[in-house]
Amino acid sequence: MAQESASDAEIRALIARLGDSDCRFQRNGRWYDAAAAQAHLQRKYDWARKRGMSGDAESFIAQAATRSSFSGRAYRVDCPGQAQAEAAPWFTARLAELRTSAPPR
């Protein structure tokens, strides 16, 4: 099996962070817990990879993690102690945290 690229590792870590959060995620008007949202994004990522689509974590955030592929509606997040917001800034902040905490290569 081919070695996982740095981009794949970041995207998988980002999806894992989603599942580990205490946030709820809104998709097409319905709220889902973090585990259900994680499973949904993992399916979207797996689907894209099977079709040869690739890219960096920023592309994944922009194209898959923050809006519905069907309706085009933005996903929203609702985290304890914070105001509800669109998902794009949440994912961008989690990516920055991942990169800050990543060991040097």
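Two strands pair if DSSP finds at least two bridges between them. Helices (H or I, at least four residues) and strands (E, at least two) are DSSP runs, numbered from the N terminus. The legends below describe a predicted model, in which local features need pLDDT of at least 70 and side-chain atom pairs count only at pLDDT 80 or more, while totals for chains, interfaces and linings use all residues. Residues are numbered from 1 along each chain as its sequence is written, and side-chain values use heavy atoms, with hydrogens and water left out.

**Figure 1. The open sheet of 4 strands, in the order β2-β1-β3-β4.** The pairing in this sheet is antiparallel. Its edge strands are β2 and β4 (85-86), each of which pairs on one side only. Strands of a sheet pair through backbone hydrogen bonds, either parallel or antiparallel. β1 is joined to β2 (residues 30-32) by 3 bridges, and phenylalanine 25 stands opposite tyrosine 32 in β2. On the β3 side, β1 pairs with β3 (residues 76-78) in the antiparallel sense, also over 3 bridges; here arginine 24 has aspartate 78 as its bridge partner. Between β3 and β4 there are 2 bridges, and these strands run antiparallel.

Figure 2. Asparagine 28 is placed in the loop between β1 and β2. Its phi is near 50°, a positive value in a residue other than glycine. Asparagine 28 has a relative accessible area of 35% and is therefore partly exposed. The terms are set as follows: buried means under 20% relative accessible area, exposed over 50%, and partly exposed in between (1.4 Å probe, protein chains only).

**Figure 3. The disulfide of cysteine 23 and cysteine 79.** The structure holds 1 disulfide, a term used for a pair of cysteine sulfur atoms within 2.5 Å. A disulfide is a covalent bond between the sulfur atoms of two cysteines. In the link of cysteine 23 and cysteine 79, the sulfur atoms are 1.9 Å apart. The link is right-handed, with 105° about the S-S bond. It connects distant parts of the chain, 56 residues apart: cysteine 23 belongs to the loop between α1 and β1, and cysteine 79 to the loop between β3 and β4. Cysteine 23 counts as buried because its relative accessibility is 7%. Cysteine 79, at 6% relative accessibility, likewise counts as buried.

**Figure 4. Helix α1 (residues 6-20) and the elements that cover it.** The 15 residues of α1 reach 21 Å from the first C-alpha to the last, close to the 21 Å expected at 1.5 Å a residue. The expected span of a helix is 1.5 Å times one less than its number of residues. The buried residues of α1 are Asp8, Glu10, Ile11, Leu14, Ile15, Leu18 and Gly19. Their cover includes β1 (24-27), α2 (34-50), α3 (57-65) and α4 (87-101), where contact means heavy atoms within 4.5 Å.

**Figure 5. The largest cavity and its lining.** Rolling a probe the size of a water molecule over the atoms shows where empty space is left. On a 1 Å grid over the protein atoms alone, a cavity is a set of points where a 1.4 Å probe fits but cannot get out, and a pocket is an open set with protein on both sides within 12 Å along at least five of seven lines; lining residues have an atom within 4 Å of a point. Grid points are joined across faces, edges and corners, and a volume is the space filled by probe spheres set on the points. A search of the whole structure finds 1 cavity of 30 Å³ or more. The largest cavity has a volume of about 70 Å³. Its lining includes Leu18, Phe25, Tyr32, His40 and Tyr75. The elements that give two or more residues to this lining are β1 and α2.

**Figure 6. The largest pocket, with a volume of about 410 Å³.** The pocket is lined by 18 residues, of which Lys44, Ala48, Met53, Phe60 and Ala64 lie nearest its centre. Two or more lining residues come from each of α1, α2 and α3. α2 gives the largest share of the lining, 5 residues.
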